[in-house]
Amino acid sequence: MIFILAWRNIWRNKRRSIITLSSIAFAVLFATMMMSVQRGSMENMIDISVKFHTGHFQIQHPDFWEFKSLDNSISYTEDLIINLDAANNVEAISPRIESFALASFGTNTKATLVMGIEPEREDKILNLSKKLVEGKMIGSDSEGVVMGQGL
């Protein structure tokens, strides 16, 4: 009985009911669309960030996160790289060692990231050779360095 009375009351003023239903439908549609855009852009940002730094996974010494020291590095062997290359869904592997240093010139001093890489493997992941402003990309046999433009 109450449901019948409520239904009649809703349609007593048809124009008001249609405007209310339309505004609710538009709000739900707009909110759903904005949430999907937000989620898509967030996933894209995460994927780009992960792709250009650590990759989707990294292998490290079990004590590294507790004691962040170069002493807690794992041994890099060709067998390890061959086994990882043979794994399913692995696109590229790049062994790295990272640390920080102070760089100074004149009166300016900056904290800098220092990375030891295999240039050929790293270039497959980050396309460093295409991002160089000047100079040329180093190779595994070279003794040069690649520095950021602002450094």
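Q: Taking buried as under 20% relative accessible area, exposed as over 50% and partly exposed as in between (1.4 Å probe, protein chains only), how much of the chain do buried residues make up?
A: Buried residues make up 10% of the 151 residues in the chain. This is a predicted model, in which local features need pLDDT of at least 70 and side-chain atom pairs count only at pLDDT 80 or more, while totals for chains, interfaces and linings use all residues. Residues are numbered from 1 along each chain as its sequence is written, and side-chain values use heavy atoms, with hydrogens and water left out.

Q: What does the secondary structure come to?
A: The chain has five helices and two strands, where helices (H or I, at least four residues) and strands (E, at least two) are DSSP runs numbered from the N terminus. Along the sequence they follow the pattern α-α-α-β-β-α-α.

Q: And is the chain compact or spread out?
A: The radius of gyration is 28 Å, well over the 15 Å that the globule rule gives for 151 residues, so the chain is more spread out than a compact globule. That radius is taken over C-alpha atoms, and the rule is 2.2 Å times the number of residues to the power 0.38. Along its principal axes, the C-alpha trace spans about 85 × 45 × 35 Å.

Q: What share of the contacts joins residues at least 24 apart in sequence?
A: Among contacts between residues at least 6 apart in sequence, 30% are of that kind, a contact being heavy atoms within 4.5 Å.

Q: Switching to α4, which of its residues are buried?
A: In helix α4, residues 119-126, the buried ones are P119, R121, E122, I125 and L126. They cover an arc of only 160° around the axis, which puts them on the same side of α4; the arc is that of the directions from the helix axis to the C-beta atoms.

Q: What covers them?
A: The cover includes the helices α2 (14-51), α3 (78-86) and α5 (128-131), together with the strands β1 (96-105) and β2 (108-117).

Q: How do β1 and β2 run?
A: They run antiparallel and are joined by ten bridges, whereas DSSP has to find at least two bridges for two strands to pair. F100 stands opposite L113 in β2. The hairpin has two residues between the strands, and G106 takes a positive phi near 65° there.

Q: New topic: how many aromatic pairs does the structure hold?
A: There are three, where rings of Phe, Tyr and Trp (its six-membered ring) pair if their centres lie within 6.5 Å, with planes under 30 degrees apart counted as stacked, over 60 as edge-to-face and the rest as tilted. One of them is the stacked pair of F3 and W7, 6.5 Å centre to centre with 25° between the planes. Both residues lie in helix α1 (residues 2-10), four residues apart, about one turn of the helix. F3 is exposed, with a relative accessible area of 64%, and W7 is partly exposed at 48%. F26 and F30 form another stacked pair, 6.0 Å centre to centre with 15° between the planes.

Q: Where do F26 and F30 sit in terms of helical turns?
A: F26 and F30 are four residues apart in helix α2, and are therefore separated by about one helical turn. F26 is exposed at 54%, while F30 is partly exposed at 42%.

Q: Which residues do ring pairs link into a cluster?
A: The cluster consists of F3, W7 and W11.

Q: Last one: what does I138 touch?
A: Not counting residues up to four places away in sequence, I138 touches P119, G144, V145 and V146. I138 lies in the segment after α5 and is partly exposed, with a relative accessible area of 21%.
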